[in-house]
Amino acid sequence: MRLRDPKVSSASPSMPARRLRLASIRPQVAKPAVPNRDDAMRLAPEPMMVSDTRRHVVYVNPAFETLTGYAAEEIVGRACGFLQGPDTCPAVQRQMREAIAAGRPFKGELLNYRKDGTAFWNEVTVLPVFDAAGVLVQFVATQRDVSARHVAKDQLLLAARVFDEGSDGMMITDASQRIVKVNPAFTAISGYSEAEVIGHRPNILSSGRHDASFYREMWRVIDASGYWQGEVWNRRKDGSVYPQHLALRRVVGSDGQATHFVASFSDLTERKAAEERIWRLANYDPLTGLPNRAFLREQAAQALEQSRHGGDPSAFLSLDLDHFKNVNDSLGHAVGDQLLVEVARRFRPALREQDILGRVGGDEFVILLPGASARDAAQVARRLHELASRPFQVERHELMITPSVGIAMFPFDGADFDALATRADVAMYRAKEMGRGTSCFFTAEMQAQCTRALMLDNLLRRAIERGELALQFQPQCSLKDGGLVGVEALLRWTSGELGPVSPAEFIPIAENSGLIIPIGDWALRTALAQMRRWLDEGIAPPRVAVNLSVVQFRQPGFPDHVRRLLDEHGVPPGRLELELTESVASDDPAGAMAVMDALHAHGIGLSIDDFGTGYSSLSYLKRFKVGKLKIDRSFVASVTDSAADQAIVSAIIQLAKGLGMSTIAEGVETPAQLEALRQRGCDQVQGYWIARPFPAKDLPAYREAHAGSRSLLQPLTQGVYRRWARRLHGAS
Ligand code: C2E
Ligand code: MG
Ligand code: MG
């Protein structure tokens with residue numbers, strides 16, 4: 001018997017021709033265990049199977065039984081293909097069938113299945129056996145479990161894919177630190193192609209941000225442990241520097257020497273961006289982009305802590321859209337969602353940068369106004385109502401929606417986010433009960449205060465056109481010679497509904513609403529017109545002082561505007577003095593200085609009102625083009641009995657002298673105060689002791705009353721002033 005030359009095996013063209021002596025093996029169908037067979041086969045460590053020409057199993061050896069889990073008696077007589085299963089490659093099966101049908105040997109690898117169903121890679125060699133006459137009598141197949149090799153191959157493939165497709169940059173260098181391989185992620189991150197770096201040292205990536213000792217330490221760790229990881233700044237091909245997380249591993253050969261170094265790194269810029277995205281998702285409402293409740297609570301804690309620290313109040317507004325549910329129900333959620341987006345978009349710009357607007361539920365918004373008073377809060381609420389009163393355009397719908405606003409004040413109504421939120425909600429529900437589209441404070445007292453503020457604000461809007469505003473003038477006298485140095489113009493408002501309202505009450509409201517611009521302008525024009533009249537009548541005081549709000553002062557182009565008004569009224573700039581407060585310089589000292597310089601350049605006098613009550617920076621003060629400091633009334637009031645206030649008054653006077661400025665004390669009510677101020681070197685005085693503010697028409701009478709005396713101050717101790725004052729005001 002001889003084996004045919006296996007020239008044409010499709011699956012193993014290189015298999016060497018072999019000759020086997022298998023004469024004793026005969027096909028014995030359906031009869032297990034052949035007694036007379038070759039011991040070599042039974043004892044062979046290779047699993048073997050003999051089949052007849054019809055490809056039915058004739059014999060399997062014990063090694064086969066061990067490999068497949070089948071006992072010989074279970075399979076003898078069965079068709080040979082019983083090891084094949086669902087994932088056996090059909091192409092290889094076909095090759096095997098064709099080789100066998102043609103009487104050729106076959107060698108190939110197939111996925112086979114054991115009796116217990118587990119798969120294994122089987123390297124099968126099938127040899128046809130011929131008798132002496134050259135007739136095919138049997139097939140002998142040997143099996144070899146090559147699963148381990150397949151797993152190794154799969155793992156190599158996997159490793160290659162990780163290298164090629166992974167998002168981490170990888171770089172392999174040889175033992176002498178020359179780059180031998182990089183992956184596509186390396187190119188994506190660094191900008192260098194493989195060709196550009198092969199053969200180079202990794203330091204072509206260095207950013208220059210780490211010194212030699214950094215790299216020395218890195219290599220010390222690698223030498224000691226074979227591994228280093230950390231954050232490194234590298235430079236891309238385009239020159240940009242980026243942070244990366246780098247892991248560096250030494251690969252050693254069988255002799256223990258380093259053969260390669262493998263570096264893998266991830267670009268942390270990406271990770272940081274991802275972290276940022278995740279952070280945004282966790283902290284912001286995805287619909288409106290506003291902070292969500294969790295983030296609001298965190299931000300509020302910080303803001304409230306600051307308010308606590310500075311002793312400032314803060315306001316907490318809870319805002320709910322009235323009948324929002326109707327929008328959702330009748331027009332659908334998409335329209336409702338868009339409306340919420342529009343509301344947020346309209347509200348946000350109406351708030352200051354430090355204010356926090358968040359969305360905490362369907363149609364519920366929350367607004368924290370750090371540092372805001374109750375009046376500020378009412379003002380903001382009013383602005384939000386105004387903003388909401390214009391229809392919202394969503395798709396083709398024009399939607400009208402009113403908010404209800406509840407206001408709680410920190411620290412009076414609550415000390416933290418949750419307490420304030422609860423109380424603001426209570427107030428918001430009360431606002432809804434009151435008829436929706438309104439605001440409500442948590443406490444009745446604040447409610448009353450703000451109701452009055454709102455009312456004043458409303459009435460003030462019409463005050464100019466109704467002619468309810470007027471100016472009074474208060475003399476300012478020199479302490480040296482008692483002469484009149486100027487008059488301060490003071491606003492008076494007599495409301496048709498409320499009667500006289502103090503400027504101390506309505507000026508801050510007008511500043512909040514912006515009404516101070518037209519009102520302040522009115523005051524300035526009226527004072528200049530009056531000065532012109534006095535000049536014409538020949539009784540003009542040397543100067544008229546006009547109070548200026550910081551809001552007016554910060555109007556763009558303000559100095560030129562004043563200059564124009566002076567020209568319009570034909571008043572020389574030296575006849576006007578503007579009274580500023582220290583707060584003009586609080587936000588933007590450089591900007592404030594530029595405005596002061598411009599006013600000064602026009603020849604307009606400047607003084608600082610209520611000096612000592614704000615937070616003046618002395619380093620700025622010395623650069624301000626200010627001629628006069630007005631010592632605040634509060635210091636003057638106790639200059640005769642408080643040692644501290646005496647010290648302050650003296651200090652202000654000395655400070656002014658040192659800076660080349662003069663001083664005027666306001667609110668002088670007694671001759672003792674006047675004397676104390678004179679002793680300390682104060683230049684000028686103003687106050688009820690000299691004269692109360694009076695209407696412009698009374699200036700001639702005032703001057704006439706003093707006509708006989710040298711000084712406007714003297715008669716005070718005599719009685720001329722009293723007589724005059726009685727005439728004017730009926731005062732005693
Ligand atoms: P101010 O500029 O410090 O004005 C001095 C205030 O003290 C005036 O109050 C004046 O009537 C009052 N006063 C004068 N002498 C005495 C005194 O001997 N004793 C006491 N107790 N008070 C005295 P008024 O007129 O109520 O004005 C209050 C504040 O309103 C002013 O303080 C000023 O800040 C502001 N104001 C008044 N008119 C205007 C204006 O036209 N524009 C602006 N922006 N603010 C104005
Ligand atoms: Mg003043
Ligand atoms: Mg003052």
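What span should the 18 residues of helix α15 have at 1.5 Å a residue, and how far apart are its end C-alpha atoms? The views below come from a predicted model, in which local features need pLDDT of at least 70, side-chain atom pairs count only at pLDDT 80 or more, and totals for chains, interfaces and linings use all residues. Residues are numbered from 1 along each chain as its sequence is written.

**View 1. Helix α15 covers residues 444-461.** Helices (H or I, at least four residues) and strands (E, at least two) are DSSP runs, numbered from the N terminus. The buried residues of α15 include Met446, Cys450 and Ala453. Buried means under 20% relative accessible area, exposed over 50%, partly exposed in between (1.4 Å probe, protein chains only).

**View 2. Strand β24 pairs with β23 and with β25.** Pairing requires at least two DSSP bridges between two strands. β23 (residues 605-611) runs parallel to β24 over three bridges. Phe611 stands opposite Ile631. β25 (residues 662-665) is also parallel to β24, through four bridges. Here Lys628 faces Ser662. Lys628 and Lys630 point one way, Leu629 and Ile631 the other, and all are buried.

**View 3. Asp609, Asp610 and Glu666 hold the magnesium ion (ligand 3).** Donors are N, O and S atoms within 2.8 Å of the metal (3.2 Å for Na, K and Ca); water is not among the atoms, so sites may look incomplete. Asp609 is buried at 7% relative accessible area; Asp610 is partly exposed at 27%.

Conventions
Chains lettered and ligands numbered in written order. Heavy atoms only, no water. Expected span 1.5 Å × (residues − 1).
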